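Welcome, and please have your viewer ready.

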Amino acid sequence: MSTVLDKLARSAGQSAPRPDGVPKVRGQFAFSSDMFAEGMLWGHMLRSPHPAAAIRSIDVSQALLIPGVRAVITSDDVPGRKTYGLDYPDHRSSRGMSCGSWENRWLPWPPSHPDTARRAAAAIVVDYAPTEPMTDPAAAVDAAPIHPLGNVLHRQWVRCGDPEAVGAVWSKGRYETAMQDQAQMGPESGPRDPG
């Protein structure tokens with residue numbers, strides 16, 4: 001045990017080399033969108049043109065007629081619970097929308113191409129009932145719930161130090177920040193056509 005602790009103590013404060021660092025800097029790293037395998041299926045997600053809407057119906061019949069399309073997957077095809085999430089399973093996997101079309105890359109089907117999947121997704125007919133989106137977090141607190149778990153998922157008060165103390169510089173106000181995300185070098189995606 002002491003050897004492990006000694007090794008950790010010697011390496012503390014030093015940069016650890018990343019095995020993927022050099023290939024990424026040289027542009028040689030294979031991100032998920034760079035990967036390809038013979039016989040793989042291509043998919044395309046159909047996204048709603050509305051920020052908030054209920055789905056009345058989905059018609060995938062025309063998408064299934066496009067040569068090369070193997071299937072159109074909707075939330076009805078997802079087994080089990082239709083939601084996921086890190087803290088709360090509150091995010092729907094597809095909100096009932098069709099997810100896309102798939103095609104294959106081996107005979108007897110025509111050679112596949114991602115454009116075929118995009119054409120199939122465009123052929124899907126969705127009847128939307130647009131609703132008013134909730135865009136104000138302060139108004140959402142007292143508004144009618146738009147979410148199965150309610151509009152407020154967590155409350156936490158943070159107190160630090162003496163609230164009566166007065167410093168040389170102080171600030172009071174309402175502050176808002178945008179959602180933060182990682183700055184990945186590659187797109188968040190699935191495989192794409194290498195050609």
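Select Arg18: is this residue buried or exposed? Arg18 is exposed, with a relative accessible area of 57%; here exposed means over 50%, buried under 20% and partly exposed in between, using a 1.4 Å probe and protein chains only.

A word on what you are viewing: this is a predicted model, where local features need pLDDT of at least 70 and side-chain atom pairs count only at pLDDT 80 or more, while totals for chains, interfaces and linings use all residues. Residues are numbered from 1 along each chain as its sequence is written, and side-chain values use heavy atoms, leaving out hydrogens and water.

Asp20 is buried, at 15% relative accessible area. Next pick Lys24, which meets Asp20 in a salt bridge of 2.8 Å, N to O.

Then jump to Asp127 and Arg56, joined by a salt bridge at 3.0 Å, N to O. Asp127 sits in strand 7 (residues 125-130) and Arg56 in strand 2 (residues 53-59), so this pair ties together parts 71 residues apart in sequence. Strands are DSSP runs of E with at least two residues, and helices are runs of H or I with at least four, numbered from the N terminus. Asp127 is partly exposed, at 33%, and Arg56 is exposed, at 57%.

Key: A salt bridge is a side-chain nitrogen of Lys or Arg within 4 Å of a carboxyl oxygen of Asp or Glu.
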